[in-house]
Amino acid sequence: MNIGDYKAYVSAETMMGPNSIRILAELFDKYPLQLAPDDRILDLGCGTGLTSLVIARETGAKVFANDLWISAEENRKRFSKWGVEGQITPVCEDANHLPFEKEQFHALISIDSYHYFAGSKGFFQKKILPFMKDGGVVLIGVPGLKEEYKDRAEELLSDWLGEDIYMFKSPKNWKKIIGNSERIQSVKTWEMDCFSEAWDDWLATNNKFALGDKKYFETIIKPYTCFVGIYIKLKKVL
């Protein structure tokens, strides 16, 4: 995947945090998806649709772009402007109450959003797994706490995150939270390599939230946090 192909789409208007395209690119490079045009992918927590655009163009599959904070109509206009409206279906639903049919997605991708709603054990099995096809793949990239500081989130991050500290977890903790199921073949978690570049892109904008993050980057964000990559492979039915 060539990140440069999407440079024109990245702006203070479309970004909602560290560059989601860089996070997605690392996941795709590490675990490429082999999908057909009729296969379906759920982009869960798609924000302004940047990741949905990339997913659609890189895989050629049909994408359902779901976000709770950005309306489906707003994203529909963007997808039309970007020329992918026929390939992406915008949705605005709570991740706890997804309206989709069971076992319809070949892949699920969630960039910089899964930590907002899925940080409790059992969530994946109850709220995500029912919508996944056997043999499907889940790729997740979320902000987290470096492994060596996994038990010190409140102490280290309180000035920056306030009440949102609970969302930041280490790679090992995320693996425990995803948990097990007779349908899960494997779960892998790791500290991602794209941290600096994704943050540099975000902090270079004039977005008011980026300006707020900039005050804490050198003292809190950079030394103690990371992006956690999560790969989940489901078993195929024999």
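A nonpolar core is a set of buried Ala, Val, Leu, Ile, Met, Phe, Trp, Tyr and Cys residues joined through side-chain atoms within 4.5 Å, where buried means under 20% relative accessible area and exposed means over 50%, with partly exposed in between (1.4 Å probe, protein chains only). The model here is a predicted one, so to speak of local features takes pLDDT of at least 70 and side-chain atom pairs count only at pLDDT 80 or more, while totals for chains, interfaces and linings use all residues. Residues are numbered from 1 along each chain as its sequence is written, and side-chain values use heavy atoms, with hydrogens and water left out.

The largest nonpolar core has 52 residues, and Ile109, Leu139, Leu157, Trp199 and Phe227 have the most contacts inside it. Apart from that one lies another core, of 30 residues, including Leu108, Ala118, Ile128 and Leu129.

Now for Leu139 itself, which sits in strand β5, residues 132-145 (strands are DSSP runs of E, at least two residues, and helices are runs of H or I, at least four, numbered from the N terminus). Leu139 counts as buried because its relative accessibility is 0%. Setting aside neighbours within four places in sequence, Leu139 is in contact (heavy atoms within 4.5 Å) with residues including Leu27, Phe28, Tyr31, Ile109 and Ile230. Ile184 is 45 residues away along the chain, and its C-alpha atom is 14 Å from that of Leu139.
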